[in-house]
Amino acid sequence: MKYGESIFDIAYLLFAAASGIIILLKKRDPAGRLMGLSALVLGAGDAFHLVPRVMNYFADGDYSFWLGTGKLITSVTMTVFYVLLYFLHCRLYKAKCGSAIGFSVFVLAAVRIALCAFPQNGWFTNSAPLSWAIARNIPFAALGLIIVVLYLQTRREIRGLGRIWLYVTLSFLFYIPVTVGANAVPLLGMLMLPKTVCYMLIIAAFLKTSFRTAKNQGNPDSRV
């Protein structure tokens, strides 16, 4: 199991990093920069958690501090990732991003990050309180719901990105059981693998879009 999971984690990190760089090189418009930056933020943030996890499998030593730090950083960067998805949607469809929605996105992201910073989360222990895990993920789930609704509304209008809403929905369906029950049922942690696949599908959609629009001779800010 450790070999399969480690290979998968490394492949994911390399895919996210390579895709982000390729997108930034191919698309110089604001939408392209947001897609490339999103891929890099996601991969870089997860690296803080996944690299110590892989090292823990194969190298002797106490990696509790680095694993805890990685979980904290990943929690923050996942939040930033969804904020970037919001900015991307606004870039593509300015008319559908009202001030109330934007305010909600920023407030939910700020509350989520603030809750993650509290020491009561027990990032560096193996017995993190369930109450804090639920508390910090309530605004995160609300933020994800906003992204799902926005992309669902425009699923037929955004060429190449029409399934983003589905991938985000599935990622939360895999993520929530881990948050709520992984301490009691460690096997639930395996759901993080399909959650990661959902993120890879989002990045793949960005990558595919960058190759398609690189051939476009029209307005680089046109619908992708």
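Predicted model: local features only at pLDDT ≥ 70, side-chain atom pairs only at ≥ 80, totals over all residues.
Student: Let's begin with helix 2 and helix 3. Why are they called roughly antiparallel?

Tutor: Helix 2 covers residues 30-58 and helix 3 covers residues 64-92, and their axes cross at roughly 165 degrees. Angles over 145 degrees count as roughly antiparallel, so helix 2 and helix 3 get that description. Their axes come within 9 Å.

Student: Which hand does the crossing of helix 2 and helix 3 have, and what classes of residue make up the contact?

Tutor: The crossing of helix 2 and helix 3 is left-handed. The contact of these two helices has 18 nonpolar, seven polar and four charged residues.

Student: How do you know that helix 3 and helix 4 are roughly antiparallel?

Tutor: The same test works here. The axes of helix 3 and helix 4 cross at roughly 175 degrees and come within 10 Å. The cut-off is over 145 degrees, so this pair is roughly antiparallel.

Student: Which residues meet between helix 3 and helix 4?

Tutor: On the helix 3 side there are L72, S75, V76, M78, T79, V83, Y86 and F87. They meet I101, G102, V105, F106, A109, R112, I113 and C116 in helix 4. By class, this contact divides into 12 nonpolar, three polar and one charged.

Student: What makes helix 3 and helix 5 parallel rather than antiparallel?

Tutor: Their axes cross at roughly 25 degrees and come within 10 Å. Angles under 35 degrees count as roughly parallel, so helix 3 is roughly parallel to helix 5. The crossing of helix 3 and helix 5 is left-handed.

Student: Which residues of helix 3 and helix 5 meet?

Tutor: M78, T79, Y82, L85, Y86, L88 and H89 in helix 3 meet F140, L143, I147, L150 and Y151 in helix 5. This contact divides into 10 nonpolar, two polar and no charged residues.

Student: Let's move to single residues. Why is G144 called buried?

Tutor: G144, in helix 5, has a relative accessibility of 2%. Buried means under 20%, so G144 counts as buried. Leaving aside neighbours within four places in sequence, G144 is in contact with V168 and F172.

Student: Where is G144 relative to G61?

Tutor: G144 and G61 are 83 residues apart in sequence and 36 Å apart in space, C-alpha to C-alpha.

Student: What is V168 in contact with?

Tutor: Setting aside neighbours within four places in sequence, V168 is in contact with Y82, L85, G144, I147, V148 and I202.

Student: Which residues touch the most other members of the largest nonpolar core?

Tutor: That core has 46 residues, and Y82, L88, L161, V168 and F206 touch the most other members. The elements giving two or more residues to this core are helix 1 (2-26), helix 2, helix 3, helix 4 (99-117), helix 5 (130-153), helix 6 (164-181) and helix 7 (192-214). Helix 3 gives the most, with 10 residues.

Student: What makes V111 partly exposed?

Tutor: V111 sits in helix 4 and has a relative accessible area of 38%. Buried means under 20% and exposed means over 50%, with partly exposed in between, so V111 is partly exposed.

Student: How far apart are V111 and F140?

Tutor: In sequence they are 29 residues apart, and in space they are 8.7 Å apart, C-alpha to C-alpha.

Student: What about T125: how do you know that this residue is partly exposed?

Tutor: T125 lies in the loop between helix 4 and helix 5. Its relative accessible area is 41%. T125 and A205 are 80 residues apart in sequence and 36 Å apart in space, C-alpha to C-alpha.

Student: And why is L166 called partly exposed?

Tutor: L166 lies in helix 6 and has a relative accessible area of 32%. With cut-offs of 20% and 50%, L166 is therefore partly exposed. L166 and S38 are 128 residues apart in sequence and 17 Å apart in space, C-alpha to C-alpha.

Methods. Residues numbered from 1 in each chain as written. Heavy atoms only, no water. Axes fitted to C-alpha atoms, helices over the stretch in contact; angles between N-to-C directions. Helix = DSSP H or I, 4+ residues; strand = E, 2+ residues; numbered from the N terminus. Parallel < 35°, antiparallel > 145°, perpendicular 65-115°, else oblique. Left-handed = near helix turned anticlockwise from the far one by under 90°. Nonpolar A, V, L, I, M, F, W, Y, C, P; charged D, E, K, R; others polar. Core = buried A, V, L, I, M, F, W, Y, C linked by side-chain atoms within 4.5 Å. Buried < 20%, exposed > 50% of the residue type's maximum accessible area, 1.4 Å probe, protein only. Contact = heavy atoms within 4.5 Å.
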